[in-house]
Amino acid sequence: MRKAIFLDRDGTLNIDHGYVHTIDQFEFIEGSIEALKVLQEMGYCLILVTNQSGIARGYFSEDDFNQLTEWMDWSLEDRGVHLDGIYYCPHHPEGKGEYRKECDCRKPKGGMLLEAIKDFDIDPKQSIMIGDKLDDVLAGKSAGVSTTILVRTGKAISEEIAANADYVIDSIEDLPRLIKQTIAKKSKK
């Protein structure tokens, strides 16, 4: 079985400008690409899991999302980072048309993570979910992921929200160091 880093997108990998769906809106957070490269070198699968309710709300199309995702994936590949899997939820309970529904894939539910765990033979007990909001933490816990981490590069994190995560760090840039110093030692006990 493999170990994975489950990655939220907006606020974790890129600056969250609100419903980011075009290349000119997409800005990688400083240090995020370098961190992904190190995590990959540490033997982690990199799995993107992102809610995209802007599709359900009619703010942009699934094609718009796919075009941006392809560009993002190529940008990372050009810098030596390979995303093993990309999972997204286009649904929202108050969305429009076919996208208006309750589903198992929308975080805080763990559907996207569970699908990736199955697809890539991932051991959730050796894996990490990292995101910028409570829904990310809850999705990780719902899927049995042993470590959940919040970053301060996205949504504001109250003490109440922080209490739900195993760790709160300033940026994904800090994740490799946290794993080496803390999480790896914890898992060896």
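Arginine 9 is buried, with a relative accessible area of 1%, where buried means under 20% relative accessible area, exposed means over 50%, and partly exposed lies in between (1.4 Å probe, protein chains only). This is a predicted model, in which local features need pLDDT of at least 70 and side-chain atom pairs count only at pLDDT 80 or more, while totals for chains, interfaces and linings use all residues. Residues are numbered from 1 along each chain as its sequence is written, and side-chain values use heavy atoms, with hydrogens and water left out.

Arginine 9 forms a salt bridge with aspartate 10, and the closest N and O atoms are 2.8 Å apart. A salt bridge here is a side-chain nitrogen of Lys or Arg within 4 Å of a carboxyl oxygen of Asp or Glu. Aspartate 10 also counts as buried, at 11% relative accessibility.

The structure holds eight salt bridges. One of them joins aspartate 170 to arginine 152, with 3.0 Å between the closest N and O atoms. This pair links distant parts of the chain, 18 residues apart: aspartate 170 lies in the loop between strand 6 (167-169) and helix 7 (175-188), and arginine 152 in the loop between strand 5 (147-151) and helix 6 (159-162). Helices (H or I, at least four residues) and strands (E, at least two) are DSSP runs, numbered from the N terminus. Aspartate 170 is partly exposed, at 47% relative accessibility. In another salt bridge, the side chains of aspartate 174 and arginine 177 meet at 2.9 Å, N to O. Aspartate 174 is buried, with a relative accessible area of 16%, whereas arginine 177 is partly exposed at 46%.

The peptide bond from lysine 107 to proline 108 is cis, with omega near 25 degrees. Proline 108 is located in the loop between strand 3 (85-89) and helix 4 (111-120). Two further loop residues have a positive phi. Tyrosine 19, although not a glycine, has a phi of about 50 degrees; tyrosine 19 sits in the loop between strand 1 (3-7) and helix 1 (32-41) and is partly exposed, with a relative accessible area of 36%. Aspartate 121, likewise not a glycine, has a positive phi of about 50 degrees. The loop that holds aspartate 121 runs between helix 4 and strand 4 (128-131), and aspartate 121 is partly exposed, with a relative accessible area of 43%.

The interior comes next. In soluble globular proteins, nonpolar side chains tend to be buried together. A nonpolar core is defined as a set of buried Ala, Val, Leu, Ile, Met, Phe, Trp, Tyr and Cys residues joined through side-chain atoms within 4.5 Å. The largest such core has 28 residues, and those with the most contacts inside it are Ile5, Leu7, Leu36, Ile130, Ile149 and Leu175. Two or more residues each come from strand 1, helix 1, strand 2 (44-51), helix 3 (62-78), strand 4, strand 5, strand 6 and helix 7. Helix 7 gives the most to this core, with four residues. A second, separate core of 19 residues includes Ile47, Met112, Met129 and Ala139.

Not counting residues up to four places away in sequence, leucine 7 touches Leu13, Leu36, Leu46, Ile47, Leu48, Val49, Leu83, Met129, Ile130 and Ile172, where contact means heavy atoms within 4.5 Å.
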